[in-house]
Amino acid sequence: MTPTAPWLAAAVTTNFSMPVRSVRAFLAMLFALALALVPALLAFSAFPASATAGDGYIDTYNVDITVNQDGSFDVTEQIAYTFTDLSHGIYRNIPNRYQVTEPFTPESSQTTIDQTYDRVIDISDIQVSSPSGAPTDLDVSQQGQQLVIRVGNPDRTILGAQSYVLTYHVEGALNAFDSHDELNWNAIGTEWSVPIREAAVRVTAPAVQRAKCYAGPLNSTQSCDALQATQTAAIARQQRLGAGSGLTMVVAMPKSAVEVPPPVYEARWTLQRAFSISGATIGTAVGALVLGGIAVFLLVRRGRDKRYVGQVPGLAPLTGEAATEETRHWGDSPEGPVEWSPPDDLRPGLLGTLIDEQANTLDVTATIVDLAVRGYLRIDEIPDKGLFSKRDWQLVQLKGGDAALLPYETKLFGALFDGRNVVLLSELKRTFASDLAKVQNSMYDELVYRKWYRRRPDSTRTSWALFGFLAIAGAFGIGYLLARYTTFGIVGVALVIVAIAIWFSARAMPARTGQGSAVLARTLGFRRYLATAEAGQIRFEEGEDVFSRYLPYAIVFGEAERWAKVFATLAAAGGTAAAVPAVAWYTGAYPWTYASFGDSVDAFSVTTSGSISAAAASSKSGFGGGGGGFSGGGFGGGGGGGW
């Protein structure tokens, strides 16, 4: 048998030998102790285990509100906060912007829309202290609809019971009614993350007519535990507010007891409001479009070509005659009479650049063919040799550059061969990229040198495109401001449309001089000849290979295939062209005919343009109001917690 401890045995003996009346007294004592523990157990149940063990709780929360004569009021919050974990301090959120929606009819409009505003409550002069000595570093910020107050030091931690005194000044929170003026203030907000054991709120005013108090979660209509009102004050008390519960004071004051300034409203941004349709907004937008359209018209007119006054298109004043220029009128054709030969034997690349104001790859390709026709190089066609091979062309240098070459032709010829006598067209993809831009720049310079333009067309386009881009950026910026802060957002749309029109007009800004227009008229006349000439109209001069000579121009004008078909028709009919042998500057793998040669040259042109453009692309880099009848129904409130 296990021995029994003497003190335990004595206790057992004593209990069993205790008189009946002693047992009754002992049971009565236990019952009284249980009754005494009930309030404590109920109080403990109001504090969730997670909150008590983690964030802590508020032991007492006392709020003192003093309503001033001018309608503002001062708030003092005394918070006794117990931290159960290491924390830095507390934070306090106070709503200061409240959404209000009211019907609104814009000026000159029959349509009523719901206009959304923010009722703005001004909270200022925020101060904090700590009787317990906790850190009181203050950080105040606006986050959405709430003012966020953070108290504490991020470099210091605290634990246990701490006290804070928070004071601030409030304006614009009183409401005026026909029979009274009213303070409806959520003295303790419903967003606290910790429970509150005991809360008390006192409102002091010049005069108090009546008062109500609501406690509990948001929208609760439960009255506070206690409410007492006098002629100048209202005091409410509440026990055990759980996390997410608050206390709202509604105090009515007689009219004229205080001055209630009108509430401050700020229109909330909505798409419907920003782009309101009214007489004022539509009229302003139309005005912006009209003025912008006039501005674009004047800009484009500035880019119109000049022409010589009193001269037949294509002709220039004789030497010594006065050369007066005027802007070519809208609708006037720039084309002159039909020309049966290139004007002044000008090079095809130059004429192609003059027509579309761009030194493109087709102009460079035509220049290569022109160099071959003039005997500077030979083009040898290399047929494909299998299923996976492609047709290629070999350029063979026949003689070096000379004074007869124009500057851009010299650059092109040197870039093609670059110290070698033979080069495959397919090799240009790896070597020609850096040289193409130099050739194109030289072509633009030649246009200015010949006084066909006062400024390079590409520079003019770039400048106006940059101006248009800046105009678009500026229009978007102005449009954003108009839509964000006014109802005239539609005016911003009009400005953007005008700016885009300016950007698009950049391509029309290069303007030819009178001399350039005269050459253009003759060039267009020659193009019409190549585009419309029939076999019976071909004119041959003795010893001249018209087919080869005009072929580079046909390439520039997009008429190469047709030009070859005309001569094929002439050859089939037994005309003069039948006696013309295969061209010396081009060799192919098939028997020479005009039809097959036309296909070959067309393929050569397409392949050359593609090779050059592909190489160039690889080297570029791109540029609530009114009264409240529930908890949380007034202004103020919010919540807080530890951090």
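**Aromatic contacts, disulfide, salt bridges and sheet**

Trp 585 is buried, with a relative accessible area of 7%. This value, like the others reported here, comes from a predicted model. In total, 21 aromatic pairs were counted in the structure.

Trp 585 itself pairs with Phe 597 in an edge-to-face geometry, with 5.5 Å between centres and 75 degrees between planes. This pair also links distant parts of the chain, 12 residues apart, as Trp 585 is located in the loop between H15 and strand E23 (586–587) and Phe 597 in helix H16 (residues 594–618). Phe 597 is likewise buried, at 2% relative accessible area. Both pairs fall within a cluster linked by ring pairs, which comprises Phe 526, Tyr 529, Phe 547, Tyr 550, Tyr 553, Phe 557, Trp 563, Phe 567, Trp 585, Tyr 586 and Phe 597.

Lys 399 is positioned over the face of Tyr 376, 4.3 Å from the ring centre, and Arg 484 over the face of Tyr 485, at 5.1 Å.

The whole structure contains 1 disulfide. It joins Cys 213 to Cys 224, with an S to S distance of 1.7 Å. The torsion about this S-S bond is about -60 degrees, so the disulfide is left-handed. Cys 213 is part of strand E13 (residues 210–217), whereas Cys 224 lies in the loop between E13 and E14; the bond therefore ties together parts 11 residues apart in sequence. Cys 213 is buried at 4% relative accessibility, as is Cys 224 at 11%.

The structure holds 24 salt bridges. In the bridge between Asp 181 and Lys 255, the closest N and O atoms are 3.0 Å apart. Asp 181 is in strand E11 (residues 180–188) and Lys 255 in the loop between strand E16 (245–254) and strand E17 (264–267), so the contact ties together parts 74 residues apart in sequence. Asp 181 is buried, with 3% relative accessibility, while Lys 255 is partly exposed at 37%.

Asp 345 and Arg 549 form a further salt bridge, with an N to O distance of 3.9 Å. Here Asp 345 lies in the loop between strand E19 (325–327) and helix H6 (348–356) and Arg 549 in helix H14, so parts 204 residues apart in sequence are tied together. Both residues are partly exposed, Asp 345 at 47% and Arg 549 at 26%. By contrast, Asp 458 and Arg 456, joined by a salt bridge of 2.6 Å (N to O), are both buried. Arg 347, Asp 370, Arg 374 and Glu 409 are connected in a network of salt bridges.

An open sheet is built from 7 strands in the order E6-E9-E2-E1-E12-E15-E14, with mixed pairing. Strand E6 (122–129) and strand E14 (226–229) are its edges, each pairing on one side only. On average, neighbouring strands are turned by 15 degrees against each other, direction ignored. Within this sheet, strand E1 (residues 57–67) and strand E2 (residues 73–87) pair in the antiparallel sense over 10 bridges; Thr 60 has Ala 80 in E2 as its bridge partner.

Conventions. Residues numbered from 1 in each chain as written. Predicted model: local features only at pLDDT ≥ 70, side-chain atom pairs only at ≥ 80, totals over all residues. Heavy atoms only, no water. Pairing = 2+ DSSP bridges. Helix = DSSP H or I, 4+ residues; strand = E, 2+ residues; numbered from the N terminus. Axes fitted to C-alpha atoms, helices over the stretch in contact; angles between N-to-C directions. Phe/Tyr/Trp six-rings, centres within 6.5 Å; stacked < 30°, edge-to-face > 60°. Buried < 20%, exposed > 50% of the residue type's maximum accessible area, 1.4 Å probe, protein only. Lys NZ or Arg CZ within 6 Å of the ring centre and 35° of its normal. Disulfide = S-S within 2.5 Å. Salt bridge = Lys/Arg side-chain N within 4 Å of Asp/Glu carboxyl O.
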